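Visitor: I would like to go through this model term by term. For each label, please show me the value behind it.

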Amino acid sequence: MKAERPGGALLSQATYLFQAIQPKGPPDPTNLGLVPAPKEVILGEGVFPIRSQERWLCTDGADAAMNLLADELGSWGVTMGQPLSTVRGLGVTPAEIVIGGKVTRLSDKLADAVKTLPNEGYVLEVSPQGVRIASYDPRGLVNGVCTLLQAIESHYAQTFELAAPVMQVV
């Protein structure tokens, strides 16, 4: 680029370089766009439909996570009723949320993964019958809810179906 005075005298000159093609990182293998990327994601077949829920359970200390979930789902027109019960541990961890379906055990693989979770870590399991988020601390439940919400939004953007894809996340 050149700038000249009338008569041809050079005022300034600059050269700009830019990349015409930007290299891309590896594609998200899940197409869910989860941020930050979980340690492990296994997608399954099917979905858990997101609709107003009367059936859900949570442990003591899950208030922040449940409030976040209720607020975000409320913006989609989905309501969460009062919990059927607040319990002291539904399984292997002291902090859990179970939505829909009956309370079932985590798979052996996920139960083992829970034992090695760092602070604020979580396990999220979505099946066609329900959702289960397990953690050793309330912040882990909030992180699990954030991942669940991202998965719901991503699935909706691709299919226009308000549902969570079947998956296991550590």
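Visitor: Among contacts in the protein between residues at least 6 apart in sequence, what percentage join residues at least 24 apart?

Guide: The model is a predicted one. In it, 69% of the contacts between residues at least 6 apart in sequence join residues at least 24 apart. The secondary structure comes to 3 helices and 9 strands, in the order β-β-β-β-α-β-β-α-β-β-α-β along the sequence. Of the 170 residues, 38% count as buried.

Visitor: What makes W76 and Y156 an aromatic pair, and why is the pair called edge-to-face?

Guide: Ring centres must lie within 6.5 Å to pair, and planes over 60 degrees apart count as edge-to-face. The centres of W76 and Y156 are 4.7 Å apart and their planes stand at 75 degrees, so the pair is edge-to-face.

Visitor: Why is this pair said to tie together separate parts of the sequence?

Guide: W76 lies in the loop between α1 (63–74) and β5 (85–87), while Y156 belongs to helix α3 (residues 138–159), so the pair ties together parts that are 80 residues apart in sequence.

Visitor: How many aromatic pairs are there in the whole structure, and what do W76, Y156 and F160 form?

Guide: The search finds 2 aromatic pairs. Y156 also pairs with F160, at 5.8 Å centre to centre and 85 degrees between the planes, which is again edge-to-face. W76, Y156 and F160 form one aromatic cluster.

Visitor: Are W76, Y156 and F160 called buried, partly exposed or exposed, and on what values?

Guide: Buried means under 20% relative accessible area and exposed means over 50%, with partly exposed in between. W76 has 33%, so W76 is partly exposed. Y156 has 29% and therefore counts as partly exposed as well. F160 has 66%, so F160 is exposed.

Visitor: How do you know that the span of α3 is close to the expected one?

Guide: Helix α3 has 22 residues and reaches 32 Å from its first C-alpha to its last. At 1.5 Å a residue, 32 Å is expected.

Visitor: What lines the largest pocket, and which element gives the most to its lining?

Guide: The largest pocket has a volume of about 240 Å³. Its lining has 16 residues, and the closest to its centre are P36, P38, Y122, N143 and T147. Helix α3 gives the most to the lining, with 4 residues. By class, the lining has 10 nonpolar, 4 polar and 2 charged residues.

Visitor: Why is N143 called buried?

Guide: The cut-off for buried is under 20%. N143 has 18% relative accessibility, so N143 counts as buried. N143 sits in helix α3 and, leaving aside its neighbours within four places in sequence, is in contact with E120 and Y122.

Visitor: What is the state of E120, buried, partly exposed or exposed?

Guide: E120 has a relative accessible area of 44%, so E120 is partly exposed. E120 lies in the loop between α2 (108–115) and β7, and its phi is near 70 degrees, a positive value in a residue other than glycine.

Visitor: What makes the peptide bond between V35 and P36 cis?

Guide: Omega there is about -5 degrees, and the bond is a cis peptide bond. Most peptide bonds are trans. P36 lies in the loop between β2 (10–13) and β3 (41–49).

Visitor: How many cavities of 30 Å³ or more does the search find, and which residues line the largest cavity?

Guide: The search finds 1 such cavity, and the largest cavity has a volume of about 60 Å³. Its lining consists of F48, P49, I50, R51, Q53, L73, M80, I99, V131 and L148. By class, that is 8 nonpolar, 1 polar and 1 charged.

Terms used: Residues are numbered from 1 along each chain as its sequence is written. This is a predicted model: local features need pLDDT of at least 70, side-chain atom pairs count only at pLDDT 80 or more; totals for chains, interfaces and linings use all residues. Side-chain values use heavy atoms; hydrogens and water are left out. Rings of Phe, Tyr and Trp (its six-membered ring) pair if their centres lie within 6.5 Å; planes under 30 degrees apart count as stacked, over 60 as edge-to-face and the rest as tilted. Helices (H or I, at least four residues) and strands (E, at least two) are DSSP runs, numbered from the N terminus. Buried means under 20% relative accessible area, exposed over 50%, partly exposed in between (1.4 Å probe, protein chains only). On a 1 Å grid over the protein atoms alone, a cavity is a set of points where a 1.4 Å probe fits but cannot get out, and a pocket is an open set with protein on both sides within 12 Å along at least five of seven lines; lining residues have an atom within 4 Å of a point. Grid points are joined across faces, edges and corners, and a volume is the space filled by probe spheres set on the points. Ala, Val, Leu, Ile, Met, Phe, Trp, Tyr, Cys and Pro count as nonpolar, Asp, Glu, Lys and Arg as charged, and the others, Gly among them, as polar. The expected span of a helix is 1.5 Å times one less than its number of residues. Contact means heavy atoms within 4.5 Å.
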